[in-house]
Amino acid sequence: MRDFKKYDIWKLSHVFTLKIYKLTKSFPQGETYGITSQIRRASSSIPTNISEGCGRESDTEFNRFLTIALGSASEVEYLVILSKDLNYLNEKTFIELNDDINLIKRKIYTLKQKLKITPKA
């Protein structure tokens, strides 16, 4: 069994999630059950799925959870764009979050490539 806390991608995505929670505190109250809830849920899904995948027995299962984490990262990327376009984020914060989420996506993809998954015949 893998220790998820040893993975840089888990550490990065956890810090990113904390950043999202902090930033969304300033979102309009009317978004509590809208963008705020959705971006928090999607961002926390990234380290959550990495953690869950680490608890699985095979590289194939781990890879499946990394795929889910990658999907959540793409969801967050869109929600960051939407938040900027709704003027909930300034340009500087948007660029920082966008850079962070794209780094996370690249690192998940790289980790997926390192797993030796053989297709079923």
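Leaving aside neighbours within four places in sequence, Asn-49 is in contact with Phe-65, Ile-68 and Ala-69, where contact means heavy atoms within 4.5 Å. Asn-49 has its place in helix α2; helices here are DSSP runs of H or I with at least four residues, strands are runs of E with at least two, and both are numbered from the N terminus. With a relative accessible area of 9%, Asn-49 is buried. Buried means under 20% relative accessible area, exposed means over 50%, and partly exposed lies in between, using a 1.4 Å probe and protein chains only.

Please keep in mind that this is a predicted model, in which local features need pLDDT of at least 70 and side-chain atom pairs count only at pLDDT 80 or more, while totals for chains, interfaces and linings use all residues. Residues are numbered from 1 along each chain as its sequence is written, and side-chain values use heavy atoms, with hydrogens and water left out.

Apart from neighbours within four places in sequence, Asn-63 is in contact with Lys-112, Leu-115 and Ile-117.

I turn now to the nonpolar core. In soluble globular proteins, nonpolar side chains tend to be buried together. A nonpolar core is defined as a set of buried Ala, Val, Leu, Ile, Met, Phe, Trp, Tyr and Cys residues joined through side-chain atoms within 4.5 Å. Which members of the largest core touch the most other members? Of its 26 residues, they are Ile-46, Ile-50 and Val-76. The elements that give two or more residues to this core are α1, α2 (35–54), α3 (59–85) and α4, and α3 supplies the largest share, 7 residues. Beyond its neighbours within four places in sequence, Ile-46 is in contact with Ser-13, Ala-69, Ser-72, Ala-73, Val-76, Ile-101, Ile-104 and Ile-108.

Next come the charged pairs. Side chains of opposite charge can pair when their charged atoms come close. How many salt bridges does a search of the whole structure find? The search finds 8, a salt bridge being a side-chain nitrogen of Lys or Arg within 4 Å of a carboxyl oxygen of Asp or Glu. One of them joins the side chains of Lys-19 and Asp-100, at 2.6 Å from N to O. Lys-19 lies in helix α1 and Asp-100 in helix α4 (residues 91–114), so this pair ties together parts that are 81 residues apart in sequence. Lys-19 counts as partly exposed at 25% relative accessibility, and Asp-100 does so at 23%.

Another salt bridge links Arg-56 with Glu-61, whose closest N and O atoms are 4.0 Å apart. Arg-56 is partly exposed at 28% relative accessibility, and Glu-61 is partly exposed with 26%. Salt bridges that share partners also join Lys-19, Glu-96 and Asp-100 into one network.

A search of the whole structure finds 1 cavity of 30 Å³ or more. On a 1 Å grid over the protein atoms alone, a cavity is a set of points where a 1.4 Å probe fits but cannot get out, and lining residues have an atom within 4 Å of a point. The lining consists of Ile-20, Leu-23, Thr-24, Phe-27, Ile-39, Val-80, Leu-89 and Leu-97. Helix α1 (residues 8–24) gives the largest share of that lining, 3 residues.

Conventions. On a 1 Å grid over the protein atoms alone, a cavity is a set of points where a 1.4 Å probe fits but cannot get out, and a pocket is an open set with protein on both sides within 12 Å along at least five of seven lines; lining residues have an atom within 4 Å of a point. Grid points are joined across faces, edges and corners, and a volume is the space filled by probe spheres set on the points.
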